[in-house]
Amino acid sequence: MHSFYFHDEHNLFRKSLRDFLDKEIVPEIDQWEENGRVSKSAFKKMGEMGYYGLGMDEKYGGVNTDVFYTIILIEELNKCNSGGTAASLLAHSTLAMEHLQKNGNDFLKTNYLKPAINGDLIGCLAITEPNAGSDVASIKTSAVKKENHYILNGSKTFITNGVYSDFMVVATRTENTGFEGISMMLIDSKWEGVSATPLKKLGWHASDTGEISFDNVKVPFEHLIGEENQGFYYIMQRFELERLVLSTGALASAEYALDYGLKYLSEREAFGRPLSKFQELRHRVAQLSSEIESLKSFNYQICRSFSDGYDVTTQCAMVKLLSTELMDKVSYEVLQFLGGYGYMEEYQAARIFRDSRIGTIGGGTSEIMREIIAKQIIQ
Amino acid sequence: MKNYYFNEDHEMFRQGLKDFLAKEVIPNIEKWEEEQRIPKEVFKKFGDMGYLGLNYPEKYGGTDADFFYSVVFVEEISKVFSGGFMAAFSVQQYMSSPYLFKHGSEFIKEKYLTKAITGDAICSIAITEPNAGSDVANIRTTAVREGDHYIVNGSKTFITSGVYGDVLITVVKTDPSEGFNGISLLVIDRHADGVSATKLKKLGWHASDTAELAFDNVKVPVENLLGDENQGFFYLMGGLQLERLVGAIGGYAGSESALDYSLQYMSEREAFGRSINKFQVLRHRVAQMASEIECIKYFVYNCCKLHADGEYVVKECSMAKLLGTELSDKVMYQCLQFFGGYGYMEEYKMARMFRDSRIGTIGGGTSEIMREIIAKMVIDDKSYAKTTSKSNPISNTKKTDSIKEEKTKSNNQNTTNTKIMSYENTLNAMKEKAASADALGSILKLNFGENQIVIDGTNGGNVVSGDDAEANCTVDVSLEDFTAMVKGELNPMGAFMAGKMKVKGDTGIALKLQSLMG
């Protein structure tokens, strides 16, 4: 079957990326899962290979590529069996750098985006607060103007790369009123008053997830990203891409998980034949594989539409909802294929299972997705 | 969301068809459901409009339109609130007459296909027997050659349009000693001596007549054989993908129709002082179903595109049929629930949609058969699933490409305007770099148009020269861009992805530029 989205160049890129990941990333993962963080050198290597330049401004070292190169990067990173590693390496580019790329001024791009593309600096995106998740309009972190600075106070939580990143793209209140009073700022982690603590999680062990607090942090005006009080809209504009990153990741992980399950089924014998010969299991594989295939096709079509500039708000919510729910289903079933071994850390299914569980929560829960979709289609 | 499959002509066709269905079909559905048959004139009206020969050549009265006109056709006939109606017309155009066109002689095409297209002949496909469904190799109806005729004996069941139709494309055993290698397709006149039909009563699909057929020493002229003798099984397999796609389209289009119908009801019906479309739990259920419908719809479009491009996409079509029809059952069940007690009453259309959907996961190969096929391809033959290639026929590609080209041009402009290093300097710099790098192992030529650099890495080291030579790989690139690479200002991989390098020959060699540049 031919692909309508990937050409020879894409396939070559995928191959060289895969070689790179197998050589430089995969061998380190168990250690990172142990350490609770991806090493800085991994970001540096990714930067050196040009992977953080995809779709970024050429002036700062980026490469002008179509969205399907980014899709390949997301897919292959999600096929290393570590949700945390993929999350950490991608939060840097698809979350933090995206805001800089789209709305950052020349000062920020020169001092932060350029080194971020090279992999010298690591970024994170900090929106969620203990009392405000998808309800972005009710965030409380505030920045008050004082002489030549803003003074920033407040806290953020569930921030991927929050502990070890070098810069943070932070949503803060610059006016008292709801969603119209939010601005985005770039905070340097070295600044006085910035502190972070790592959070312990069910899965995603290789990524550091931070609770961040800002205590009278002095922020120079030039660290404002885009215009003041426009932050809410900037965040909304990035949501489509963010959801596509998540759906693409979930589908790639699901594919990886099913391949892994299939490999096990063909090797493991019971009652004198390989498990892959049992009709019950075969039909379950057929069903899952069909669901993955159809969602992949839907996802690619949305990516193309998105990259061609069409409005895909509803479809992005739909595909994020379906893909992450499917991922949970696949990881559950694959663990079942492995029986007792599925529960043991010696095999990959256990990590696949726990890493999947965040999918239907992060980047807007399934319930939020259904709210969005319902609003769009019910008059 | 942009739909890349339909253009304005398709949409105009859709609008015309919708108007036609609203005038000629929808007002009569209840009567046809009641009478359990669709009058012959209706087929004739469709034929007159040209709706029955969308993909057939003009020579036989067809329109010779692209496959997505058929997608429009099947979508719209799936939205008239009658699965039985949809069944009769999709059998006519997509499950029976294609065999006449693909395998019939000129004689058969003139005699039968032209009439199928005008609507003068109602066609059926007679495969299933009381003891053989998807297991086609085990059919028992026989055709024995006697002079210029075959003598057919046996029986068929579950045959759509078999009672009131005209032409039966009948699957027979011409070599009973063989399994699937002994099967042939015969065109049998429904009104011929020895053919009799009993009408079957069904749970749903009331508008279509479904027959149990008996063949008692039926004389069929040998010129009514489709294609070659004993090749019937393979002809049938060749038709299955289209049949599955039609089933899949019917699945999601019927679901869409039911959901729209429900949304209308939910906006009008009140409970506890507000319309029921304000209740969150119902809204979320709608959102979930709408997402699943949208997903499968676009998946099916993708499969249709592959099919239309002539690819044999067994796995994808089986997946589409499985998912589309299972989705329909789920959607009908939940939509009926939205209507409460009214959903159970014949006064509303929900009850009919619910019962009509139920055949979807059975007809044209059950869900279990689909999973068997998919499992074979996914589990036992993994290489098939992994194959990918390049071409991109989606119409809008051109637009994207031209944008990319423009961008590339302006980028080149920028590079030119920065510092220009002369060809000599670049050649010398390249010599230095290549000397300290690992040997390429092959010959790479960088072609700048008026001059070139050739790197010969076949003799242990890398020899860089400005003289032209034969190479394993030639890269067309501007001197400016290449100079930028040598100076470390441009990443070779990035330049490649941005289309600044055109590679002829082994691309793997070109990608080694990355290592040459250090």
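The C-alpha centres of domain 1 and domain 2 of chain A lie 22 Å apart, in what is a predicted model, where local features need pLDDT of at least 70, side-chain atom pairs count only at pLDDT 80 or more, and totals for chains, interfaces and linings use all residues. Residues are numbered from 1 along each chain as its sequence is written, while chains are lettered from A and ligands numbered from 1 in the order in which they are written.

To find your way along chain A, look for domain 1 (8-121), domain 2 (125-230) and domain 3 (232-377); such bounds come from an automatic or database domain assignment. Where domain 1 of chain A meets domain 2 of chain A, the contact takes 25 residues from domain 1 and 20 residues from domain 2. Two residues are in contact here if their C-beta atoms, placed from the backbone, lie within 7 Å.

Which elements of chain A each supply at least two residues of the domain 1 side? They are α2 (29-35), α5 (83-103) and α6 (106-118) of chain A. Helices (H or I, at least four residues) and strands (E, at least two) are DSSP runs, numbered from the N terminus. With twelve residues, α5(A) gives the most to this side of domain 1 of chain A.

Now let us turn to chain B. Its assignment gives domain 1 (8-122), domain 2 (124-233), domain 3 (238-386) and domain 4 (397-516). Between the C-alpha centres of domain 1 and domain 2 of chain B there are 22 Å, and their contact takes 25 residues from domain 1 of chain B and 21 residues from domain 2 of chain B. On the domain 1 side, α2 (29-35), α5 (83-103) and α6 (106-118) of chain B give two or more residues. The largest share, ten residues, comes from α5(B). By class, this side of domain 1 of chain B has 15 nonpolar, eight polar and two charged residues.

Finally, see how the two chains meet. Here 51 residues of chain B are in contact with 51 residues of chain A. Elements giving two or more residues to the chain B side include α7 (232-268), α9 (314-338) and α13 (397-417) of chain B. The largest share of that side, 15 residues, comes from α8(B). Its classes come to 24 nonpolar, 17 polar and ten charged residues for the side of chain B that touches chain A.

Conventions:
Ala, Val, Leu, Ile, Met, Phe, Trp, Tyr, Cys and Pro count as nonpolar, Asp, Glu, Lys and Arg as charged, and the others, Gly among them, as polar.
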